[in-house]
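Please take a moment to look over the sequence and the 3D structure shown here.

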Amino acid sequence: MTRIALCQIPVSPDPPANLERVRQALARAEGADLAIFPEATLTRYGRRITGLAEHLDGPFVSGLAEAAKEHGLAVIAGVFEPGEQRVHNTAVAIDAQGTVRAAYRKIHLFDSFGAKESDLVEPGAEPVVVELAGVRVGLITCYDVRFPELARALVDQGAELFAVIAAWGSGPLKEDHWVTLVRARALENTMWTAAVGQAPNPAEASDGYGVGRSMLVDPLGVVRADLGTAPGVQVVEVDHEQTAAARATLPCLEHRVLRVQQIVK
């Protein structure tokens, strides 16, 4: 079993306020092995991210690391790092000793629904799987979840769990898209999937990012937990024996026909 805290927090434009919310959430995550926070936990989206981006040894990630060590659990959270011309939208993975174990820089940028993330963000280049709390976790950020080839690449790198972090944009059908896509990535890969989004925060921002609906989905696509839209922390259990059982029933990963990919190319 792996116990995961789904930490659906509202995100402020102010990094110190967000770090305090992380600390408060971790205090409510008693018994968890891994706590997952949303994309852009450092600060809300907007042109401010270019001025507030920090290196991974900066005060925000250092604060995350201190909090992880204090509470004795691993942490995944979204930050912004300075890039060459723009910034990187980064998922940072920190172990229970407070050591940064990996940084995944978002590959697929949200140039859709009238937004243009690429104006501010440089794309990453490499899928990332990191071992945290004894589990190999594949990292997926928001718009990435629309691209099944990324999830399949993480499977090929040995992922045993997907962690999807998001600041999902609101709007017609958008919440439906989120739920459908998270469940699809879990089901088509027979993979436990922990997906955490920002809670809506109309009191501090009117940008429309954050629909909540953080979820745990099992390897057969069944939603085991759904936090709705309110801020909250819920500790859920991942039973890895159920992954083996699901794959015995639905061995679709074994049935892959790799030459199909070669034909398409």
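## Before we start

This is a predicted model, in which local features need pLDDT of at least 70, side-chain atom pairs count only at pLDDT 80 or more, and totals for chains, interfaces and linings use all residues. Residues are numbered from 1 along each chain as its sequence is written, and side-chain values use heavy atoms, with hydrogens and water left out.

## The six-stranded sheet

Let's begin with an open sheet of six strands, in the order β5-β4-β3-β2-β1-β12, with mixed pairing. At its edges are β5 (100-105) and β12 (232-238), each of which pairs on one side only. On average, neighbouring strands are turned by 30° against each other, direction ignored. Strands (E, at least two residues) and helices (H or I, at least four) are DSSP runs, numbered from the N terminus, and two strands pair if DSSP finds at least two bridges between them. Strands of a sheet pair through backbone hydrogen bonds, either parallel or antiparallel.

Now zoom in on β3 (residues 74-82) and β4 (residues 87-94): they run antiparallel and are joined by eight bridges. Glycine 78 has alanine 91 in β4 as its bridge partner.

## A helix across the strands

Helix α3 (residues 59-71) lies across β3, β4 and β5, and runs at about 15° to β4. Such angles run from 0 to 180 degrees between N-to-C directions, using axes fitted to C-alpha atoms, for helices over the stretch in contact; contact means heavy atoms within 4.5 Å.

Is arginine 185 buried or exposed? Arginine 185, in helix α5, is buried, with a relative accessible area of 7%. Buried means under 20%, exposed over 50%, and partly exposed in between (1.4 Å probe, protein chains only). Leaving aside neighbours within four places in sequence, the contacts of arginine 185 include Phe147, Pro148 and Phe162.

Leucine 187 also lies in helix α5 (residues 174-188), but leucine 187 is partly exposed at 37% relative accessibility.

## Positive phi in two loops

Most residues other than glycine have a negative phi. Alanine 40 has a positive phi near 55°; this residue sits in the loop between β2 (34-36) and α2 (49-52) and is buried at 0% relative accessible area.

Arginine 213 has a positive phi too, of about 60°. Look for arginine 213 in the loop between β9 (193-197) and β10 (215-217), where it counts as buried at 19% relative accessibility.
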